[in-house]
Amino acid sequence: MTAPPAPGGAAADLRLDDLHASLADPLLDAMTFLNEVTTRYPDAVSFAPGRPYEGFFEPEDVPAYLETYLAHLADRGLGRDAVRTALFQYGPTKGLINDLVARALANDEGLTVDPGSVVVTVGAQEGMLLTLRALCAGPEDVLLVSSPCYVGVTGAARLLDLTVRPVPEGPDGGPDPAAVRAAARAVRAEGRRPRALYVVPDFANPSGTSMPVSARTGLLEAAAEEGVLVVEDNPYGFFSRTPGQRPTLKALDRRRQVVYLGSFAKTCFPGARLGYVVADQEVAGPDGRRSLLADELAKLKSMTTVNTPALSQAVIGGMLLTHDCRLRAANAPATAHYAAGMDTLLRELDRHFPASVRRRLGISWTRPDGGFFAVLTVPFVADEAAMERCARDHGVLWTPMAPFYPAGGGEHRLRLSVSSLTQAQIIDGVAKLAAFLTA
């Protein structure tokens, strides 16, 4: 460690190796580089961001939703002073709109959830951090993750000094149940505890795959056999063309083994930064008292963000009330838009790369039935240098896949996101991408 500066003297420069090791993680540099490249080439068609299409957001909706929620509070009998307190003060750590979230889950996912088991969070990312911090008690605890994996969870684990063990995706998407068993047993053979498994079952980021029902039940059985909790992250499930065909893992959960992470970023309002955790597991204290895991998460939250902004909750609450707590119906136009975008992407790839050309060039891609993402396999290393060359010379951006593989891999794969683009932009972008791939 460097010595502290002498009293009255100039402060010494900080050394990166004296700061937390996560700050030197190449993953953070990769994400920073992607943002910088996007800024340097603002006119490029960008398949890089996984953010929602802005055409569904109108500024005048925000005050309208706020008014709806304030009227809801008044209808519940709250006077002006109580409404003022609810809106302007810190509020309950677990949240203000837990009952509305529970109603929406019942309507949209067939989930019967006690509002007391819900913690409203500052985005799903906070929910992820709280859940990992609560579940992983010491250095012997290991987090299993699907590989490739969303960088938000591996980054969160890095911040918390948690060990991550990747589990390969199965042939149909999601972590393969047999691989889950093998990974859990390998961890125990090392004298450690496989604590939880993180998975995105629907239109996963980055692979775009969705698990069939049989794979979901198989995964839950494997996790139960190995004593592993499942952390289900579901930001994209609303965009299925066939609602209800693939129930969430939480809807299939009969053992309270699934901690469910939800987000309003993709479905409602990204800037509100509102997510939630359903944590209905019972926790037994040493004195015999019992609580819910949600209550324990709230303790951690009280020492981090303290509470989730009431204004954000009020706007999302108003949106839920406006749509009778039925977000699937409210998001039908967005679902159709994203589905059309994915269809356009796959159609244009087929047009530019017919089977004979694909074989000659060594190119292939996944065919998701919805969601935001598809993955292209290419014969060259799809790294940052290649991405910048593509942006500079051909005017199109994409995301390298290698950072999504915790144990290495994915060097010849790139992610294409259609979520923020129009169909015309997708057609133009694929033509530019084809020019790059054949150059």
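**The sheet.** I found seven strands forming an open sheet with mixed pairing, in the order β2-β8-β7-β6-β5-β3-β4. Strands here are DSSP runs of E with at least two residues, helices are runs of H or I with at least four, and both are numbered from the N terminus. Two strands pair if DSSP finds at least two bridges between them. β2 and β4 (163–168) sit at the edges with a single partner strand each, so one side of each has no neighbour in the sheet. From one strand to the next, the twist averages 25°.

This is a predicted model: local features need pLDDT of at least 70 and side-chain atom pairs 80 or more, while totals for chains, interfaces and linings use all residues. Residues count from 1 along each chain as its sequence is written, and side-chain values use heavy atoms, leaving out hydrogens and water.

**One pair.** I checked β6 (229–233) and β7 (258–263): they run parallel, joined by four bridges. Val230 has Val258 as its bridge partner in β7.

**Helices.** α4 packs on the sheet and touches β2, β7 and β8 (274–278), with its direction at about 105° to that of β2. Angles run from 0 to 180 degrees between N-to-C directions, with axes fitted to C-alpha atoms, for helices over the stretch in contact.

**Ser117.** I found Ser117 in the loop between α4 (98–109) and β2 (118–122). Buried or exposed, I wondered about Ser117? Ser117 counts as buried because its relative accessibility is 3% (buried is under 20%, exposed over 50%, partly exposed in between; 1.4 Å probe, protein chains only). Beyond neighbours within four places in sequence, its contacts (heavy atoms within 4.5 Å) include Val277, Val278 and Leu292.
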